[in-house]
Amino acid sequence: MPHDDPLHGARIVLGVCGSIASYKAADIASKLTQAGADVDVVLTDSAQKFVAPLTFRALTGRPVFTDMYDPQSPLAEEHVALARAASAMLIAPASATTLARLAHGMADNMVALTALATTAPVLVAPAMDAQMWAHAATQANVALLRGRGVIFVGPAEGRLASGHMGLGRLVETDVVLGALRQTLGASGDLAGRRVVVSAGGTHEPLDPVRFIGNRSSGKMGFAIAEAARDRGAQVALVCGPVALATPYGVSRIDVRTTDDMASAIGHATNGCDALIMAAAPADFRPAAVADQKIKRTGASLSLELVPNADIIGGLQGGFVKVGFAAETEQVNANASGKIAKKGLDLIVANDVTAPQAGFGHDTNRVTLIGADGRIDELPLLSKYDVGHRILDRVVAILASR
Ligand code: CTP
């Protein structure tokens with residue numbers, strides 16, 4: 001069975017250009033290697049003014065390429081060998097000069113030559129001063145390259161080497177890795193499918209400063225969204241108020257209350273293939289929301305709560321419905337009951353009191369229970385791996401229809 005992470009076993013050529021952000025390429029090389037990719041680093045002459053080949057050699061455990069004419073190089077016999085072997089090429093940071101080289105088909109250094117010679121996808125993460133990025137020459141080169149299928153990742157907005165704020169920062173390593181995963185996974189078993197995932201809890205307001213919430217961190221839903229993206233799905237992520245970065249390539253819809261979540265999911269699921277409801281929407285909301293902050297009076301305060309609608313239980317449509325059951329007792333029995341009650345195809349049951357599982361953790365231990373009675377009891381896994389196991393079942397259900 002192929003590994004879940006599209007980076008595992010992939011061969012990535014990492015081209016590094018001269019920029020104050022060049023040092024961040026070391027982190028990218030390291031994270032790619034940790035994800036199981038074989039990383040062949042190619043440095044321009046300018047890059048070597050900022051970072052040494054030895055840095056990358058140590059991080060990747062592989063030879064580093066700098067010179068097209070080096071007779072000692074493993075590439076001496078065939079200078080396009082790297083380009084041919086690549087699953088994808090990533091240029092990070094990409095300077096304005098390198099963009100110009102690529103746009104005009106110049107192959108006068110190893111980075112540009114490899115980009116010209118490869119038929120693998122090319123991803124470019126620019127880093128430069130905001131004025132250089134905005135310059136008509138750069139923008140014309142970017143448009144040319146985009147038109148030829150080059151994938152641009154960033155640049156991001158923020159503090160630049162000049163000390164000014166602007167558009168031109170190299171994106172964070174996670175974003176680069178997300179873009180590579182999406183690209184490598186594009187023809188996976190969810191290609192052409194639209195998947196909606198919900199994540200996080202909801203906030204039900206009491207007054208302008210207070211709300212009723214719950215402990216859902218959103219991590220499980222975010223991990224499922226990434227896993228679906230990495231198998232080629234187009235992913236919409238409807239999330240309550242959570243402090244997590246949006247995964248690259250996933251379209252995020254922020255909501256606050258269960259009511260908001262119900263209408264966002266109603267829209268997003270129109271024509272979708274699957275809904276995976278990992279969110280913990282509040283089952284109740286205060287009967288009335290005070291206009292002003294509720295003051296302390298010394299007396300006790302009773303809140304009247306009214307029920308919220310069951311979102312997944314109320315949805316019509318032929319898409320695959322996956323629910324979650326976060327339980328504290330009689331986990332499988334309670335979860336199984338929800339399959340019929342809510343019209344689900346699959347339920348993901350977990351005991352939120354188990355160690356390393358549930359709220360806030362990066363790992364989870366769940367049991368998948370199908371409407372067909374099939375039960376998979378999974379070991380403790382990362383939430384990303386749990387996401388893949390849920391998606392395996394979704395893919396099987398889709399195939400059976
Ligand atoms: N869910 C939903 N709408 C709600 C509450 C829950 O769609 N208003 C979804 C959850 O996202 C989850 C599934 O229903 O996928 C089960 O949620 P859970 O809270 O376990 O079920 P409840 O029906 O609320 O049952 P109880 O709280 O009584 O266990």
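## A hairpin in a predicted model

Strands S10 (residues 204-207) and S11 (residues 210-212) are joined in antiparallel pairing by three bridges. This description rests on a predicted model. Two residues separate S10 from S11, and the two strands form a hairpin. Within this pairing, Glu 204 has Ile 212 of S11 opposite it.

## The eight-stranded sheet

Eight strands make up an open sheet with mixed pairing, in the order S13-S12-S9-S14-S17-S18-S20-S21. Its edges are formed by strand S13 (251-254) and strand S21 (375-377), each of which pairs on one side only. On average, neighbouring strands of the sheet are turned by 15° against each other, when direction is ignored.

Strand S9 (residues 194-199) runs parallel to strand S14 (residues 274-277), and four bridges connect them. Here Val 197 stands opposite Ile 276 in S14.

## Helices against the strands

Which strands does helix H12 lie across? Helix H12 (residues 331-342) lies across strand S17 (320-327), strand S18 (346-351) and strand S20 (367-370), and its direction is at about 155° to S18. Helix H13 (residues 383-399) also packs on the sheet, where it touches S14, S17, S18, S20 and S21. The angle between the directions of H13 and S17 is about 145°.

## Aromatic rings and a charge

The count of aromatic pairs in the model comes to one. The pair consists of Trp 133 and Phe 152, whose ring centres are 6.4 Å apart; their planes meet at 55°, and the pair is therefore classed as tilted.

Where in the chain do Trp 133 and Phe 152 lie? Trp 133 belongs to helix H7 (residues 130-134) and Phe 152 to strand S6 (residues 151-152), so that the pair links distant parts of the chain, 19 residues apart. Trp 133 and Phe 152 are both buried.

A charged residue is also placed over an aromatic ring: Lys 321 lies over the face of Phe 319, at 5.0 Å from the ring centre.

## Two domains

According to the domain assignment, the protein has domain 1 (11-184) and domain 2 (194-283 + 300-399). A distance of 37 Å separates the C-alpha centres of domain 1 and domain 2. How many residues of each domain take part in the contact between them? Eight residues of domain 1 are in contact with four residues of domain 2.

Conventions:
Residues numbered from 1 in each chain as written. Predicted model: local features only at pLDDT ≥ 70, side-chain atom pairs only at ≥ 80, totals over all residues. Heavy atoms only, no water. Pairing = 2+ DSSP bridges. Axes fitted to C-alpha atoms, helices over the stretch in contact; angles between N-to-C directions. Contact = heavy atoms within 4.5 Å. Phe/Tyr/Trp six-rings, centres within 6.5 Å; stacked < 30°, edge-to-face > 60°. Buried < 20%, exposed > 50% of the residue type's maximum accessible area, 1.4 Å probe, protein only. Lys NZ or Arg CZ within 6 Å of the ring centre and 35° of its normal. Domains from an automatic or database assignment.
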